[in-house]
Amino acid sequence: MPHVLVFAKTPYAKTPYDRWLAGSGVVPVILTTTEFAAGYGHLPHVHAFDDYDTNQLVEKTALRLAREHAVTAVFARAEADVVRAAQLRDLLDLPGQRTASALAFRDKVVMKDHLVGGPVEIPAYRPLDSAYTALEFVAEHGYPVVIKPLSESGSLGAAIIRDEAELDAYLARPWRGASEIEVFVPGQMYHVDGLVVNGEVVFAHPFRYLNDCLSFRANDWVANLPLTPQDPVHDRLLKAARAVLAELPTPPHTAFHAELWITPDDRTVFCEIASRTGGGMISAMVRHAFGIDLDKEWLYAECGLPSTLGTTAYRPTGALCIPPSDGVLTHLPSGDEPVCVKEVALTGTVGQEFHGGVKSGLFLAGYVVGGDTEEDVAANLENVATWFADRAQWSPAPTGGTR
């Protein structure tokens, strides 16, 4: 009986691997976080870890289990697992994304190095190895600039630097890991999410961000709204995403989440791309809007199982992610959501202490929201955000508390 090794940094309700694989004969072997272990507890092969992202016992255990169960595939949908899964495939000569490909989709400098001179415009950039590099880059390109960690997701650690005072503040407390610096690109940000199977893009659709990926810094919400085929930038964004995939060492099977800007002077500029499904409520939104479960279809492709993709019937649907505020949560709205809400994901509990948003993909409350048209959905997203804000209750956090 074939086994698939799964790096499962998601709750069971979001990724029920055994249910997806039921009847296929493929058995999942799960490595997950201590937080999510109980949800997978009914499965025969579950291994949980504290400090999952950085705990190297995850890799050690993965290698042992892969050999012990003679796994035929490795599946990893989280950003933190992309490279460790690829390295395991390299070591055991298993099919799927290898390390060079994983780094091209994870390391923002390697990524842009692949795209220089290609068909999609990229912002000027440079690896940031010291304050001297930052000063040289600003002298050449001027302000504003953006400094980003090379391998984080959800805008974690990203900083927009508008003047020398902000640069000084950043340099006094820089990101501890490797970073890059690039010119700031003004404009509306979009994302294209899709699926590659057997080297072909079998699904792709563009979406617009409402608010932006840094809204969590102000404890404000971010939302995603599909574009209609009639939208003037719909085809441009799809063409750009496909061009980026063609330039990169794209694996034969992968979900992808690409971010691009349309600038005020109508240029399409690349931001970044990941070889995984989008964070937040994006996968759930795609499932409601198009009837496609990207994670499930991607898993099937990795395991060599036949696709269940059929003709999609589109329904206007958006996604909303609301970060926590600062303080102790004393009331979490639940059970009387507006009728436009199609799916709810709550990640906190009453009595829990928070210190604001951490990254764009992490949220206290996530919603999939429907409507008759995209305009209806956009209005409903704002209405649900207001509904939540009016009902959620907070008290001041005790001095010295931790999350």
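Author: The largest cavity draws lining residues from both domain 1 (3–95) and domain 3 (188–395), so it lies between them; the domain bounds come from an automatic or database domain assignment. This is a predicted model, where local features need pLDDT of at least 70, side-chain atom pairs count only at pLDDT 80 or more, and totals for chains, interfaces and linings use all residues. Residues are numbered from 1 along each chain as its sequence is written, and side-chain values use heavy atoms, with hydrogens and water left out.

Reader: Why is this space called a cavity?

Author: Because, on a 1 Å grid over the protein atoms alone, a cavity is a set of points where a 1.4 Å probe fits but cannot get out. The volume of the largest one is about 60 Å³, counted as the space filled by probe spheres set on the points, which are joined across faces, edges and corners.

Reader: What makes a residue part of the lining?

Author: A lining residue has an atom within 4 Å of a point. Here A76, V82, A85, R89, Q97, H253, S275, W298 and E302 line the largest cavity.

Reader: What makes V4, Y17, Y40 and V286 stand out in the largest nonpolar core?

Author: Among its 45 residues, these four touch the most other members. A nonpolar core is a set of buried Ala, Val, Leu, Ile, Met, Phe, Trp, Tyr and Cys residues joined through side-chain atoms within 4.5 Å, and buried means under 20% relative accessible area (1.4 Å probe, protein chains only). Domain 1 and domain 3 each give this core at least three residues.

Note on methods
Buried < 20%, exposed > 50% of the residue type's maximum accessible area, 1.4 Å probe, protein only. 1 Å grid on protein atoms, 1.4 Å probe; cavity = no way out; pocket = protein on both sides within 12 Å on 5 of 7 lines; lining within 4 Å.
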